Amino acid sequence: MGRSVSYPSGAIVAFTVLEVESEDDWEFEYEWLRDDLRERASRAFPSLIPHDAWRGREDRTLMRNAYADFGVSVYGLLVAVWIVERDDGAYWDADWRTARSPRAQRWLSQIASRFDATFGDYDCLGHMSNGEGVYTKRAA
C-alpha cells in the first residue's frame, strides 16, 4: 500500500517499483530506469522516438510518436509507466488538418494489452478515500 503516483489523465498505465538500496543510489537507479524504459519501448513500439520533456510538473515524457507521449512518473519508489495521446500545440495543429485524434485513440487501444504486459509488474487494486493506493505484485 502506498500513496498513489500521478500520471496524465487518460493514460494507459503500468506500475512497477524503483529498486533503490541506498538513498545515495536514487539518482543512478532513476537514470537507469529511464534508459531501460526507453530501450524496451523502442523494441515494443518502433514508432516511438526519444523526446525529453515534461507534462505538467511530475510527469516525464521519454519518447513520442505522431500520436502519443510515452513517459514515467515516480512517487517515492512507486513508478507509473504511461502512454497517452499527445497534448501539445503541434499535435493539435496537425489534428485540425488531418484528424489525428481518432487514429491516436485506435492505436492506443490496440497496444494497451501489450503495453501492460511489457511494463507492468504491479496491479492497482483501487484507492482509499485518503488517496492511498493498494497495489499487488503480479505472479511471475
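**Exercise 1.** Determine whether Arg43 is buried or exposed, and work out which residue pairs with Arg43 in a salt bridge.

*Solution.* Arg43 has a relative accessible area of 56% and is exposed, where buried means under 20%, exposed over 50% and partly exposed in between, with a 1.4 Å probe and protein chains only. The model is predicted, so that local features need pLDDT of at least 70 and side-chain atom pairs count only at pLDDT 80 or more, while totals for chains, interfaces and linings use all residues. Residues are numbered from 1 along each chain as its sequence is written, and side-chain values use heavy atoms, with hydrogens and water left out.

The next step is the partner: Glu39 forms a salt bridge with Arg43, their closest N and O atoms being 3.0 Å apart, a salt bridge being a side-chain nitrogen of Lys or Arg within 4 Å of a carboxyl oxygen of Asp or Glu. Glu39, at 48% relative accessibility, is partly exposed. Because the two residues are four apart in helix α1, Glu39 and Arg43 are separated by about one helical turn; helices (H or I, at least four residues) and strands (E, at least two) are DSSP runs, numbered from the N terminus.

**Exercise 2.** Find which strands are tied together by the salt bridge of Arg55 with Asp69, and state which network includes this pair.

*Solution.* Begin with the distance, which is 2.9 Å between the closest N and O atoms of Arg55 and Asp69. Arg55 lies in strand β3 (residues 49–55) and Asp69 in strand β5 (residues 68–75), so the pair ties together parts that are 14 residues apart in sequence. Turning to accessibility, Arg55 is buried at 17%, and Asp69 is buried at 3%. Finally, Arg55, Arg64, Asp69, Arg86 and Asp88 are linked in a network of salt bridges.

**Exercise 3.** Describe how helix α1 crosses helix α3, and identify which residues make the contact.

*Solution.* The axes of α1 (residues 26–44) and α3 (residues 100–119) come within 11 Å and cross at roughly 145°, the axes being lines fitted to C-alpha atoms over the stretch in contact, with angles from 0 to 180 degrees between N-to-C directions. On the α1 side the contact, meaning heavy atoms within 4.5 Å, is made by Leu37, Arg40, Ala41 and Ala44, and on the α3 side by Arg114, Thr118 and Phe119.
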